[in-house]
Amino acid sequence: MAFEGLAERLQGTISKIKGKGKVTEQDVKEMMREVRFALIEADVNLKVVKTFIKRVSERAIGQDVMKSLTPGQQVIKIVKDELTDLMGGEQSPIKFAQKPPTVILMVGLQGAGKTTTTGKLANLLRKKYNRKPLLVAADVYRPAAIKQLQTLGNQLTLPVFALGTEVSPVEIVRQALEHAKEEHHDVVLIDTAGRLHIDENLMQELKDIRALKEPDEVFLVVDSMTGQDAVNVADSFNEAVGITGVVLTKLDGDTRGGAALSIRSVTQKPIKFVGMGEKMDALEPFHPERMASRILGMGDMMSLIEKAQANVDEEKAKEMEEKFRTQSFTFDDFLDQMSQVKKMGPLDEILKMLPGANKIKGLENAKIDDKSIGHIEAIILSMTPAEKTTPEIINSSRKKRIAKGSGCSIQEINRLLKQFEDMKKMMKQMTGMTQKGKKKMKLP
Ligand code: GDP
């Protein structure tokens, strides 16, 4: 998980001060020493660390905090506010052109995830903003890059404008813009060339594209795994071509956090999106406050709710409620529920969004991965229709047959049957409670 080390250290530090009824200057100093260490360890830019510590210390040692009834909580709030500020404060939305098309220039070093992000962003713009994007392949140095964008376009059923490798990028962009007008595309996403290092020619090329048409957004795509290097890259790109925002990729990996916490402060440009995986729907708007909250172990309920709303089918939810109520829930429904939850992403990532999830013992070992879900699916799929609706009939010879069919052990089958039974019992109690509640309400 991203920020794991940092989160662990900060949460440890916080727990020491949390419940204190009295916080001395010495306590704050001690805490700040630990926070400084945690940030440096997470590869946060030194200047950024210094300013951060200074700001938190000044506020925390202030009279208001020391005199308050819950000084420990106050200090934690200050840390959270300052972390949020450090990452930009508010979420920064995309700037759309007054007169379409909106032109978005995607820049970055090779391997940062630029082409993938271009596809993801186009997908998001279509799905969430109802736009009609055109992808433009302007990386003429690597034929593979054009192919890659075309493959993504195919996968997303989005058009890709390409003229091969013999035409200059500026000419490609000029023609692409004309094409966009003719075809009424309201957003044009330009995938530019990447290099292994910052290089003069590349910068000149980007400047030439800019000179042709001032983009509405210039998004720098950076790999969060590269830590402080990402900050240097951002600084150089910003100086040379001027960026309007940053997309941090690979935040689903075990990045330490240095890039996310330093980039905004150093470049003064907002992080607009984060890449959370290789799939085309794994791009999310960046919310500084929610991120701060997650780092400090306070959970991220807003993102969790949004994920559920985006992925869970309302009709299905109603149908399930009815089944719970009438206690006609079967293994088929169980499977259905599982696939709904699965759409929200890896389960252990979802659980981590719950406040205090870091304290749930064994969560880090509870690899609720695709493999174990796959086993459950295999078991259910090996049941007969009668077994799915009336699991009570599953005796030992049936279990043996299911084990053979699913390639799972008898223990795994027993475990699943037990889980299903427990769930039904719980449902019975819950519906019993609501029925009683309803009856009570009707009494005069
Ligand atoms: P480019 O050279 O900058 O265009 O980079 P690519 O788009 O080709 O991406 C390089 C690699 O990073 C590919 O294998 C992508 O699948 C992967 N990648 C991109 N974004 C993410 C992300 O957010 N998470 C993960 N896990 N992988 C990513």
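**View 1. The stretch that UniProt lists as "domain: SRP54-type proteins GTP-binding" covers residues 270–283.** The entry is unreviewed, and UniProt annotations may be inferred rather than shown by experiment. The model is predicted: local features need pLDDT of at least 70, side-chain atom pairs count only at pLDDT 80 or more, and totals for chains, interfaces and linings use all residues. Residues are numbered from 1 along each chain as its sequence is written. Residues 270–283 are 0% helix and 43% strand, with end C-alpha atoms 16 Å apart. Helices (H or I, at least four residues) and strands (E, at least two) are DSSP runs, numbered from the N terminus.

**View 2. Helices H1 and H2 cross at roughly 175 degrees.** The axes of H1 (residues 4–17) and H2 (residues 25–41) come within 9 Å. Axes are lines fitted to C-alpha atoms, for helices over the stretch in contact, and angles run from 0 to 180 degrees between N-to-C directions. H1 is therefore roughly antiparallel to H2 (angles over 145 degrees count as such). Among the residues that meet are Leu6 and Leu10 in H1 and Met31 and Val35 in H2; contact requires C-beta atoms, placed from the backbone, within 7 Å.

**View 3. The open sheet has 8 strands in the order S3-S2-S4-S1-S5-S6-S7-S8.** Its pairing is mixed, where two strands pair if DSSP finds at least two bridges between them. S3 (160–161) and S8 (283–285) are the edge strands, each pairing on one side only. S2 (residues 133–137) runs parallel to S3, joined by 2 bridges. Valine 136 stands opposite phenylalanine 161 in S3.

Definitions and conventions. Angles under 35 degrees count as roughly parallel, over 145 as roughly antiparallel, 65 to 115 as roughly perpendicular and the rest as oblique. Two residues are in contact if their C-beta atoms, placed from the backbone, lie within 7 Å.
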